[in-house]
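Here are a few friendly notes to read beside the model. Please keep the structure open as you go through the points.

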Amino acid sequence: MACLLEAPLRISVLSEVTATSRHYVDRLFDPDPQKVLQGVIDMKNAVIGNNKQKANLIVLGAVPRLLYLLQQGSSSSELRAECAVVLGSLAMGTENNIKSLVDCHIIPALLQGLLCPDLIFIEACLRCLRTVFISPVTPVQLLYTDPTVIPHLMSLLSRSQRTQEYITQIFSHCCKTPEHQTVLFNHGAIQNIAPLLISPSYKVRMQALKCFSVLAYENTQVSMTLVNVLVDEELLSQVFVRMMQRDQPIDMQLTAAKCLTYMCRAGAIRTDDSCIVLKTLPCLVRMCSKERLLEERVEGAETLAYLMEPDVELQRIASVTDHLVAMLADYFKYPSSVSAITDIKRLDHDLKHAHELRQAAFKLYASLGSNDEDIRKKITETENMMDRIVSGLSESSVKVRLAAVRCLHSLSRSVQQLRTSFHDHAVWKPLMKLLQNAPDEVLVMASSTLCNLLLEFSPSKEPILESGVIELLCSLTQSDSPALRVNGIWALMNMAFQADQKVKGEIVRALGTEQLFRLLSDPDSNVLMKTLGLLRNLLSTRPHIDQVMSSHGKQIMQAVTLILEGEHSIEVKEQTLCILANIADGNTAKELIMTNDDILQKIKYYMAHSNVKLQLAATFCISNLIWNEEDGEANAMTGSQERQDKLRELGFVDILHKLTQASDPNLCDRAKTAMQQYLA
């Protein structure tokens, strides 16, 4: 029975809601153009600030009719402009409203309207387009579908201050990819927008500035061009510097600082240029103070982190500017119970967005501490810092977790911190937990940090080993992501360094020979290098070498042969020859080289190579093969004599003799040491 009652109830409620709106839509169909115009004006007044009314009119089909009237050549200019105004008002409602408007093809209709000569109508269309395009649900690609649109928008920039404001705002919201930057750049965005930076209108100046910040971001071509642009006979960079002055609005200071930051990171301005060191950096530090609004503090910290990320000198300057390290600690206490915020709306907003402050602080700490030991110490000694990082690793926001682990990674580059703070706070535990289930970008950073925690001088290495990490790392080596494969194998390599046979055996067992040899033919050279590093660490100390080679010798020799024959870098081949040198150091393992003429010929080839590193590594192999100090046993002496005789027959002594005259002192010494074995 309840089911039968449900439907009529819903219909009656809907009809009650929409009945009041229906007459507005009906008037759009009146045969009298004057009444239609009045109907549109009344509709405009009815929807201002009324989201419910906007939704009702969309449901009742007002949008297709308004678009029809807007596109009709027979409609008066006033009617067309009013239609654009109402559509713009409807677009200011909810995201669902925008979706409905886009589905009704509002964008092509408005873009077509821009071809009309009437300025008031053009401005109304642009204002509506601006409102639609600044919504996150609008596909920005719609601006680039028709190749005539961007050049036409450029030509409209000179029509009025309003066209300048709306068009630059559309550009800055629709420039999302390097392709978009290129399209705007190729259609003269720089020369057309640069003069707007000295417009009498603040809104125009501000939107032009935002445009340059999105055009310059990670774009060398744009940044290199901007550096030489003159605006009213003043260099553009100097215009940006003026816009960062303290008497300018905060939004302008911050956006100008972003422009200079992006130009600097793209290589157009040197990091030691006074406009960066004395203007941009201090401006961004100012943005981090607690007097600023939450979003200004977030943007200031993130931009500053980006500016100094690759430059140790900027990191040092920032670390002693306005007590920045201590200032960032306030980002974790905001908003506090004694907050100075009296505006309830603002307080509610800030409570919802407080995690963004924590994320920004972690990012900036990560950037500050990425190179300098003293700065890292300063960061870890900041109140409760390590506890905050540990808490950050388990926050619900993925972005905060990523920023916290990035900060941890930055600090983990310090031997001192690994031995002290990291050990005291057992950071490996939350890190391991994070590795169990996380998005790839978090996994990459967390596994990078784990690599550092597994270095031999790290006190965390033992407890991590006991926690069963080997299986986890082996699973990372099977990832589709090259970065995760590198980190998985890198961590195993660090783990195997000077490890006992039990740990090495566990690594080989868990990884499996099949996977190990798959990694030795990985297309990513970093993966290959780290796998060779792992193999080299597994093949260290004679008992280990002999044990590994007795069970996997055939496959290892095959892999070594393939690498030495392949098209690989000098570094890869050097690492491979070092593995051979380790094998040659084994008691029984060296026979795998001595009975393999193909490998011996390759060693001979690399001893005469033009690259000294390869010559050294190959000579080291021979040195180990002819060494006659094997427990002093008679049969061992006989073995070394037989090897020496065979190597002499193959011409190795002649090559060693030549190498004793080598210009490189290390190579010369290595060859002399090997020759002495023959004389011993």
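1. Helix H18 gives the most to the lining of the largest pocket, with eight residues. Helices here are DSSP runs (H or I, at least four residues), numbered from the N terminus. Residues are numbered from 1 along each chain as its sequence is written. The model is predicted, with local features needing pLDDT of at least 70 and side-chain atom pairs pLDDT 80 or more, while totals for chains, interfaces and linings use all residues.

2. How many residues line the largest pocket? There are 44, and Tyr217, Lys258, Tyr262, Glu302 and Lys363 lie nearest its centre. A pocket is an open set of points on a 1 Å grid over the protein atoms alone, where a 1.4 Å probe fits, with protein on both sides within 12 Å along at least five of seven lines; lining residues have an atom within 4 Å of a point.

3. Among the helices that each supply at least two lining residues are H10 (161-174), H16 (250-265) and H21 (344-368). By class, the lining has 16 charged, 14 polar and 14 nonpolar residues.

4. Elsewhere, helix H30 (residues 469-476) packs against helix H31 (residues 482-496) at an angle of about 145 degrees, their axes 7 Å apart. The axes are lines fitted to C-alpha atoms over the stretch in contact, and angles run from 0 to 180 degrees between N-to-C directions. Contact (heavy atoms within 4.5 Å) involves residues including Leu473 of H30 and Leu492 of H31.

5. Residues 61-97 are 76% helix, and residues 511-553 are 79% helix.

How values were computed
Heavy atoms only, no water. Nonpolar A, V, L, I, M, F, W, Y, C, P; charged D, E, K, R; others polar.
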